[in-house]
Amino acid sequence: MDTAYKKTLELDKVLARAVQLCACRETKEMMQDLQPCETPEDERYALEQTNAINSLLIKNGSPRFGSVSEVRRVVAHAQKGGILSMGELLEIAATLRNFAGLSQWYGLSEHDMMPTDDLFYSLAPQPVLERQISDSIISPEEMADTASTTLADLRRKIRQTEDSIRTKLDAIIKNSTTNKFLQDAVVSLRNGRYVVPVRAEYRGEVGGVIHDVSSSGATVFVEPTAVVEANARIMQLRAQEQEEITRILSAFSAQVGSLEPQFSYSYDAMLKIDLLLAKARLAIEQGAFMPAVSDTIHFKLNKARHPLIDKKKVVPVDIALGDEYDTLVITGPNTGGKTVSLKTAGLLNAMAQYGFLIPAHESSVVCNFREYLVDIGDEQSIEQSLSTFSGHMKRISGILELAGHGTLTLLDELGAGTDPAEGAALAVSILEQLRRQGSLLMATTHYAEMKVYALETPGVVNASCEFNVETLMPTYKLSVGVPGKSNAFLISSKLGIPQNIIDAARSHMSNDDKRLDSVLAQLDDLKLQLKVAQGDAEKARYEAEHALESAEKKRDELIKKGEQELEDARRRAHDLMQNVQNEAYTLTDELRRIQKDEKTNAAQRAVRAREIARKDTETLLKKTDSKPKPAREFVPLKEVQIGQEVLIAELNQLATVTARPDRNGMVEVRAGIMKTKVPLSGLCVPDKMDKRPAREPRRSSTRVQLDKSRKASMEINLLGYTVDEALAEVDKFLDSGMLRGQQTLYIIHGNGTGALRTAIQKHLRTHKAVKSFRPGRYGEGENGVTVVELK
C-alpha cells in the first residue's frame, strides 16, 4: 500500500499522539510501525479489541502501569546464566508489577467474554519474586541489609570496625602531642582506608603507612599504625560483602532465567495491552466510538468530526459513498469546508483500518480499502503556477496507475491551475476513467461543468458546503444531492465591489452559465425551505415525544398513586374490621351481662340490648366515614322456620334462622359467624326489600373468615354462652366432628374477659378426641377463635 496518504490525510499526527500515550518505549516503536489491517475481518477484530479496552478504561479507570524497557534482553541474558545487575533486577520487578497491575485491573468489574481475554490470560504475575526483589534492592547502586542474614551480619561488623577506627583516629587528632603535626583535624578515606592529613615536614613524627600525597606535596595522607590492622579487617569484610551481594544477584538472576518462556509471552501481551490502552485513551480524548466494518466497498459516516479540529469548533458531517453512488462532487465557496470533508472521509476510514475508534456516531460504517489515493493541496491560492499544475498532474498520473476496485480516491480542486475550459474537460475525463477502473471517488471543484456532469451522470452525486452570505462565513455543513454556488458575485458585492461592475460581469456570462446559476439559486432557496420544514418537523417530533413521555410519566404517577391509595384503603379496611370485631365482642359481653341481670325483666333487657346495639351501630357507621342509609319500608314476617333465610331489616344483613321465636318474640338467627336474637318484627323475606333480581347482599364487616375451605359445619359460635353451656356445646361439636371424619374445627368464643376462652382451652387439654389446639391466626379470627385438630 502507498503510505503517502499518511501525511496528506494527517494520519501521521494521529499516530504521533497515540505514540505519546504509550507507556513503554517498545510500545512506542510498535505504534510508529503500525500497519493497516488487510481484510475486513482483521479490521473488525482490531476495532473490537480497542473497544473492549476502551470499555474497561471507562469502567475501571487507568491501570497501575509503569514504563519498562529492554526487559526481554535482560531475561535472555539471565536465561543464559548471566548475573543481572541491581538496576536490571529492578526493571524485572517493575515488569512483574505491571503484570500484576494489569491482571488486577482486568478483574475489577464483571464483564462478558472479550476479544482481549487471551492477552490478559497470558499475563503471569510472580508476586513473591517481585516482592523479594523490591524488598532486597533499594536502588540500582544499593542493596538493602535485609537481603540476607549474612549480608546484614557483615555490614554490622563493618560498622563496628569503622566506629573503632574513628575512635582511635579521633584520639590522635585531639592529642596535643600529635595534633601539631596534622595539616587539618579531619579523617579522610584513601584507597578505601582511613587516613589523617600530616604535614610533609613532620611525616616521620606520625608512624604509619603513607597512602597519598596532595598535589602541592605539602600534605601526606598517613594511615596510623594503630588502625592498620582495623583497616585491613574492613577491607576483608567489604570483600565478603561484595561476594554476598554477588551471590544474591546470582540467585535472583537464576530465578528470572527460569521464568522463560512464560515471561516472554506475558511481556508480549503487556506490550499489546499498552498499545491498546494508548488507542483507548486517544478514543476518550476524541469522543470516539466503534464503527461497523463493511464487507463490501462502501462506507457511511454519520456525524463525523475531524479528530484534529477542536471538538467545540468542528461541525459534524454525514458522508456516504459506494452504496447508492460511487462518486461525490463537492462544490462551494473557498474556506467552506470542502477539503476538511475530503480529509475527514479518508482519515476516519484509515484510522479504523489501523484499529482506532473514530470520532463519529456509533451507527457509522467504514470500509477496508486496498489503497488510499490522495491529491490534496493545502495551499488555497487563487494563483497557481504551471509547475503546481504539473505537480498535480504527476500525482494524478500515479493515482490512475494504482486506482481500481477497493481503492478510495480523494481529489482536491481537480483541474485547477490551467485554462478553465481545458481544466473542466480534463477533470471530467479523469473522473470517468477512475470510475471505469472501479475506484470510489470524492472530488472538490468550482467548475460548473463538473456540477452539470454530476447532475446528468448516474452514480455521480453533487454535494455542497453551505455558506452564509449574510455573515460571509462558512457553516461547514455538507449537503449531499445539491450542487453549491461559488457566490462570487454576492460575496464581491458584500465586500464593496460596485454594483455596475458586478452587473457587467453577469453580462459576460454565457446563457448556459446564467441558467445554471439560476437553477442553483432556486435549489438554494428550496434547500432553505426544506431546512425550515425539517426544523419544524423535528420540533413537532420532539414535542410529540415530549408529550408522550409526559403522558407516560403522568400515567405511571397515577398508577403509583392508585396503588398507594388501594394499599391505604386495605389498611383502613383491616383496621376497621378489627375495630368492628372488637366492638362486636364487647357488645356480646355487654349483652351477656344484661341477660344475667336478675333485677330486670326480659322486656327491659331486650330494650336495653337494642339501645346498646343501636348506639354501637351508629359509632361503627361514623368510623366508616359514610352516612347510614335511610330506613326503607318492609313487610315483617309473621312466622319463621328453622333454616329459613331471612333479612335483618335494620342491618340489611342476610341471616339464617337457627331457632323458632321464644315467648318474647325473639328469633335466634346466624349471620356469618355471629349468632344473635332479633325481634320477629325486624325480619323480612329478602326479596321484599328490593324489587330488582335477588343477589347476595354484602357480607357484614364483622366476618373475619378468609379461608374459603372453611365450612359452616367446621365451626361453632359460642358468643353469649355461659361457661357450662359452652362446654356442653363443645363436647357435642367435637363428637359431631369425629362422626363426620373432620380433622380441623373452629370454636368461636370471642375475646371479652377471656374467661370463656380459658375455660374452653382448659377443657380441650383433657378431651380424648383432641390432638392439639391453637389460637386463630390472622384471617381466622385471631384470639377470638380456637382452632382444634382432632385425632
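The model is predicted.

**Aromatic pairs**

The whole structure holds eight aromatic pairs. Two of them are set out here.

| Pair | Geometry | Centre to centre | Angle between planes |
|---|---|---|---|
| Tyr106 and Tyr121 | edge-to-face | 6.2 Å | 85 degrees |
| Phe369 and Tyr372 | edge-to-face | 5.5 Å | 70 degrees |

Take Tyr106 and Tyr121. Tyr106 belongs to helix α6, residues 86-106. Tyr121 belongs to helix α7, residues 117-121. The pair therefore ties together parts that are 15 residues apart in sequence. The cut-off for buried is under 20%. Tyr121 has 58%, so it counts as exposed. The cut-off for exposed is over 50%.

Now take Phe369 and Tyr372. Phe369 is buried, with a relative accessible area of 1%. Tyr372 is buried too, at 2%. Which residues do ring pairs link into a cluster? They are Tyr5, Phe299, Phe369 and Tyr372.

The charged end of Lys279 sits over the ring of Phe356. It lies 5.4 Å from the ring centre.

Strand β5 covers residues 208-213, and strand β6 covers residues 219-224. They pair in the antiparallel sense, over five bridges. Val209 stands opposite Glu223 in β6. Five residues lie between the strands of this hairpin. In the hairpin, Gly217 takes a positive phi near 80 degrees.

In a regular strand, side chains alternate between the two faces of the sheet.

Thr219 is in strand β6. Is Thr219 buried or exposed? Its relative accessibility is 10%, so it counts as buried. Which residues does Thr219 contact, leaving aside neighbours within four places in sequence? Asp212, Val213 and Ser214 are among them.

**The start of the chain**

Ala4 is found in the segment before α1, the helix of residues 5-8. Ala4 has a relative accessible area of 37%, so it is partly exposed. How far apart are Ala4 and Val374 in sequence and in space? They are 370 residues apart in sequence. In space they are 8.2 Å apart, C-alpha to C-alpha.

Methods: Residues are numbered from 1 along each chain as its sequence is written. Side-chain values use heavy atoms; hydrogens and water are left out. Helices (H or I, at least four residues) and strands (E, at least two) are DSSP runs, numbered from the N terminus. Buried means under 20% relative accessible area, exposed over 50%, partly exposed in between (1.4 Å probe, protein chains only). Two strands pair if DSSP finds at least two bridges between them. Contact means heavy atoms within 4.5 Å. Rings of Phe, Tyr and Trp (its six-membered ring) pair if their centres lie within 6.5 Å; planes under 30 degrees apart count as stacked, over 60 as edge-to-face and the rest as tilted. A charge sits over a ring if NZ of Lys or CZ of Arg is within 6 Å of the ring centre and within 35 degrees of the ring normal.
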